[in-house]
Amino acid sequence: MTTTQDRVESLRGQLVAWRRHLHMNPEVGFHEHDTADFVEAELRKMPGLTVSRPTATSVLAVLKGGKPGRTLLLRADIDALPVEEENTFEFRSQRPGAMHACGHDGHTAILLGVARLLSENPGEVPGEVRMIFQHAEEIGPGGAEELVMETGLMDGVDVVTGLHLNSQLPAGMVVVKPGAFMAAPDTVHITVKGKGGHGAHPEQTVDPIAVGAQVVTNLQHVVSRHVAALDALVVSITYFQSGTTHNVIPDTAVLMGTVRTFDPELRRRAPELIERVVRGVTEAHGASYDFGYEFGYRPLINTDWVAAQLREIALETVGPEHFQEAQPTMGGEDFSAYLEKAPGAYFNVGSGSDEADSRWPHHHPRFTIDEASLETGVRMLHAAALRLTGEPGGQSGS
Ligand SMILES: [Zn+2]
Ligand SMILES: [Zn+2]
């Protein structure tokens, strides 16, 4: 008898080939035309799947199982980043200025592998499995939001899951946690408006660079002095642009940054906490300001029972030595859009190893994955497809 393990091992070469093809041909969010064409063509080779294009650059494959059960959504994101690749291996990006620097090439290959396994044996699947190859995770407002709001993708979906490879975890390690897993990534824009003049006569000016620097420093007090230590909040000013030359004090300084929270109430208060600091500092120095705030993806909160099922699946599939409870992260994810509509949980699979030189951080020009993690991803999502589509509780027949 062929076990799932054998079936996944026989897919190994194919998983690597898919991933390397995608790695060589990266496309950034909303431009994934060749990627979606490739995914669609591969899915059309698999019998029993209904394949469609919900949007121009996303692909959906639906498998109706042979027994009654739930409808499960499995999600892989397919977009690349505007990064110039610095890796030198043969399958490095062939497209200047674009790179799979977050591992979405791996996610796409994994979900193709799951589609292949399910399509070979549809009778073993209860319910229905929808596999969405989602565009534009890296670019707000995000492909997930578009699919949820503007297509019928989530109609009738009972449960949802998906994974992210993680270079900071050892290859093959699976981590999941119930509850708050990933933060809401919101954005702040501040223009400090001073009064320009000669660099030799600052007393005749209102120097927006000096005031902007004070704003940056004082914003750190929002975190340390206005928010309880256990309420996670990160404020990082990541952009500070001002001036044209060495002897002119400019009129304005433009600052941007990211604000990360889990708690909805703290998230709601954050703009006022930040603007109060900007107002105070600029007023004290005779400057003024413009303030803008954009709410990004929602925080990603895993449903407890789905996280518990994924934990059990991991213990059975990869074993207790390759499983850990996940730590919450301040990173953001548009997977949260699906969780607004159905219970579900998101988990990570480690992809870091010294042999593959794959411990570089995500979005780094040297980022890559240990391809052994592709098999772990397939085994996890395949087992999840069989388990989560079962009757409520997933224990039917026992
Ligand atoms: Zn990313
Ligand atoms: Zn990513």
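Predicted model: local features only at pLDDT ≥ 70, side-chain atom pairs only at ≥ 80, totals over all residues.
Colleague: Let's start with the metal. Which residues coordinate the zinc ion (ligand 2)?

Modeller: Look for N, O and S atoms within 2.8 Å of the metal. Here the donors are Cys102 through SG, His104 through NE2 and His164 through NE2. Their distances run from 2.1 to 2.4 Å. Water is not among the atoms, so the site may look incomplete.

Colleague: What spacing do these donors follow along the chain?

Modeller: The pattern for the zinc ion (ligand 2) is C-x1-H-x59-H.

Colleague: How far apart are the zinc ion (ligand 2) and the zinc ion (ligand 1)?

Modeller: They are 3.1 Å apart. Cys102 coordinates both ions.

Colleague: Are Cys102 and His104 buried or exposed?

Modeller: Buried means under 20% relative accessible area. Cys102 is buried, and His104 is too.

Colleague: Now the strands. Why is strand β4 largely enclosed by the rest of the structure?

Modeller: Count its buried residues. Strand β4 spans residues 126–134, and nine of the nine are buried, so the rest of the structure largely encloses it.

Colleague: Which way does strand β2 run against β4, parallel or antiparallel?

Modeller: Strand β2, residues 59–64, runs antiparallel to β4, and six bridges join the two. Take one pair as a landmark: Lys64 has Glu128 in β4 as its bridge partner.

Colleague: And how many bridges join strand β3 to β4?

Modeller: Eight bridges join them, and here the strands run parallel. Strand β3 covers residues 67–77. Thr71 stands opposite Glu128 of β4.

Colleague: Which parts does the pair Glu120 and Arg7 tie together?

Modeller: Their side chains meet at 3.9 Å, N to O. Glu120 lies in helix α4 and Arg7 in helix α1, residues 4–10, so the pair ties together parts that are 113 residues apart in sequence. Glu120 is partly exposed, with a relative accessible area of 48%. Arg7 counts as buried, at 12%.

Colleague: Where do Arg19 and Glu371 lie?

Modeller: First the contact: their side chains form a salt bridge at 2.9 Å, N to O. Arg19 is in helix α2, residues 12–24, while Glu371 is in the loop between β16 (344–352) and α10 (372–388), so the pair ties together parts that are 352 residues apart in sequence. Arg19 is buried, with a relative accessible area of 1%. Glu371 counts as buried at 15%.

Colleague: What about Asp34 and Arg95: which parts do they tie together?

Modeller: This salt bridge is 2.9 Å, N to O. Asp34 sits in helix α3, residues 33–44, and Arg95 in the loop between β3 and α4, so the pair ties together parts that are 61 residues apart in sequence. Asp34 is partly exposed at 40% relative accessible area. Arg95 is partly exposed at 25%.

Colleague: Which residues do salt bridges with shared partners join into one network?

Modeller: Arg19, Arg20, Asp105 and Glu371.

Technical notes: Residues numbered from 1 in each chain as written. Chains lettered and ligands numbered in written order. Heavy atoms only, no water. Donors = N, O, S within 2.8 Å, 3.2 Å for Na, K, Ca; no water. Buried < 20%, exposed > 50% of the residue type's maximum accessible area, 1.4 Å probe, protein only. Helix = DSSP H or I, 4+ residues; strand = E, 2+ residues; numbered from the N terminus. Pairing = 2+ DSSP bridges. Salt bridge = Lys/Arg side-chain N within 4 Å of Asp/Glu carboxyl O.
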